[in-house]
Amino acid sequence: MSDGVIEARDAGHLFYQLTDRAPSWSNDDPDEFLCALHDDLLAHVHDHLDDDAAAVAIRRLAL
């Protein structure tokens, strides 16, 4: 996760709350998780990121 995600601010200068939002997507597959993150992040900043944003999601498989 890049700092462009966790340091993204809304119009009121509030940081994006990834740790509050991400658990609701934890059962999604990695692609769905990243799509939800992307959409939610853009909604938070009203479609305007001031920095680059990168994230990687993986699925842990049971052994």
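Trainee: Before we start, which pLDDT do local features need here?

Mentor: Happy to set the ground rules: residues are numbered from 1 along each chain as its sequence is written, and side-chain values use heavy atoms, with hydrogens and water left out. As the model is predicted, side-chain atom pairs count only at pLDDT 80 or more, totals for chains, interfaces and linings use all residues, and local features need pLDDT of at least 70.

Trainee: Thanks! How many helices and strands does the protein have?

Mentor: Helices (H or I, at least four residues) and strands (E, at least two) are DSSP runs, numbered from the N terminus. Read from that end, the elements run α-α-α. The secondary structure therefore comes to 3 helices and 0 strands.

Trainee: What does the C-alpha trace span along its principal axes, and what share of the residues is buried?

Mentor: Along the principal axes, the trace spans about 45 × 20 × 15 Å. For burial, the relative accessible area decides: under 20% is buried, over 50% exposed, and in between partly exposed (1.4 Å probe, protein chains only). Of the 63 residues, the buried share is 29%.

Trainee: Which residue forms a salt bridge with Arg 21?

Mentor: Side chains of opposite charge can pair when their charged atoms come close. The cut-off for a salt bridge is a side-chain nitrogen of Lys or Arg within 4 Å of a carboxyl oxygen of Asp or Glu. The structure holds 1 salt bridge. With its closest N and O atoms 2.4 Å apart, the partner of Arg 21 is Asp 40.

Trainee: Which helices does that pair tie together?

Mentor: Arg 21, at 27% relative accessibility, counts as partly exposed. The two residues are 19 apart in sequence, and each sits in a helix: Arg 21 in residues 18-21 and Asp 40 in residues 30-44, so the pair ties together α2 and α3.

Trainee: Now the aromatic rings: is the pair of Trp 25 and Phe 33 stacked or edge-to-face?

Mentor: Rings of Phe, Tyr and Trp (its six-membered ring) pair if their centres lie within 6.5 Å; planes under 30 degrees apart count as stacked, over 60 as edge-to-face and the rest as tilted. A search of the whole structure finds 1 aromatic pair. The centres of Trp 25 and Phe 33 are 5.7 Å apart and their planes stand at 80 degrees, so the pair is edge-to-face.

Trainee: Are Trp 25 and Phe 33 buried or exposed?

Mentor: Trp 25 has a relative accessible area of 12%. For Phe 33 the value is 17%. Both are therefore buried.

Trainee: How far apart in space are Asp 47 and Asp 10?

Mentor: Along the sequence, these two are 37 residues apart. From C-alpha to C-alpha, the distance is 9.9 Å.

Trainee: And where is Asn 27, and what separates its C-alpha atom from that of Arg 59?

Mentor: Asn 27 is placed in the loop between α2 and α3. Its relative accessible area of 76% makes it exposed. Arg 59 is 32 residues away along the chain, and the C-alpha atoms are separated by 9.6 Å.

Trainee: Last one: is Ala 8 buried or exposed?

Mentor: Ala 8 lies in the loop between α1 and α2, and its C-alpha atom is separated by 23 Å from that of Asp 28, 20 residues apart along the chain. With a relative accessible area of 6%, Ala 8 is buried.
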